[in-house]
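Reader: Please take a close look at one part of this model. I would like the aromatic side chains and how they pair.

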Amino acid sequence: MEAFYTLQGEGQHSGKAAYFIRLGGCEVGCHWCDVKESWDADAHPKLEINTIVEGALGYPGRLAVITGGEPLMYNLDALTDALQQAGFQTNIETSGVYPFTGHWDWVCFSPKKFKTPHSDIYINANELKSIIYNKSDFEFAEQHAALVNQECTLLLQPEWSKHEQMLPLIIDYIKDNPKWKMSLQTHKYMNIP
Ligand code: SF4
């Protein structure tokens, strides 16, 4: 759908320069999705892997973040191999609803209530990023925290349109449940993509 060089705004790698590669196509259907234009894969051009990698090589950063849409709709072995051979760290942001493919340095798993994750994701997730849109999302976050591997970093992140209401609740929740850490969409505070 698009690719752009910016700072990773959220999650464990927040603050790092990163080349984002956003793949078109998503069937998860979050009502608060802020990239609904990504949902229709056919609305976006198909590019050769070499073209994507060349675009990434045009900037000094060597962190590539594959996002969507839902990137695991596609087998990502070839794209991640090519990026790693070109010297990139490969990170993914996924809802985990499809079988796991690709070779990754960091896997951000952000489960959504609207489509059940595939079982592959729980062993592969490096961070569980749970979006808090309303109070019931804390329980949903805990359900997934019980399923991920022991090394997985646990993050709670307010959904942007509700962040003023949810932020105080998340702060209190983390103080009471310190296995969790805060993740903020700092790119939105910085007004960058
Ligand atoms: S999984 Fe991501 S891209 Fe898909 S609808 Fe939800 S927020 Fe949007």
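Is Tyr-59 buried, partly exposed or exposed?

Author: The model is predicted. Tyr-59 is partly exposed, because its relative accessible area is 36%. A buried residue would have to be under 20%, an exposed one over 50%.

Now its partner. The structure holds 6 aromatic pairs. One of them joins Tyr-5 and Tyr-59. Their ring centres lie 4.7 Å apart and their planes meet at 25 degrees, so this pair is stacked. The cut-off for stacking is under 30 degrees. The two residues come from distant parts of the chain, 54 residues apart. Tyr-5 belongs to strand S1 (residues 2-7). Tyr-59 sits in the loop between helix H1 (49-57) and strand S3 (63-67). Tyr-5 is also partly exposed, with a relative accessible area of 28%.

A second pair has another geometry. The rings of Trp-160 and Tyr-189 have centres 5.0 Å apart and planes at 90 degrees, so they are edge-to-face. This pair, too, links distant parts of the chain, 29 residues apart. Trp-160 lies in the loop between strand S7 (153-158) and helix H5 (163-176), while Tyr-189 is in helix H6 (residues 186-190). Trp-160 counts as partly exposed at 27% relative accessibility. Tyr-189 counts as partly exposed at 45%.

Lys-162 lies over the face of Tyr-133, at 4.0 Å from the ring centre.

Note on methods:
Residues are numbered from 1 along each chain as its sequence is written. This is a predicted model: local features need pLDDT of at least 70, side-chain atom pairs count only at pLDDT 80 or more; totals for chains, interfaces and linings use all residues. Side-chain values use heavy atoms; hydrogens and water are left out. Rings of Phe, Tyr and Trp (its six-membered ring) pair if their centres lie within 6.5 Å; planes under 30 degrees apart count as stacked, over 60 as edge-to-face and the rest as tilted. Helices (H or I, at least four residues) and strands (E, at least two) are DSSP runs, numbered from the N terminus. Buried means under 20% relative accessible area, exposed over 50%, partly exposed in between (1.4 Å probe, protein chains only). A charge sits over a ring if NZ of Lys or CZ of Arg is within 6 Å of the ring centre and within 35 degrees of the ring normal.
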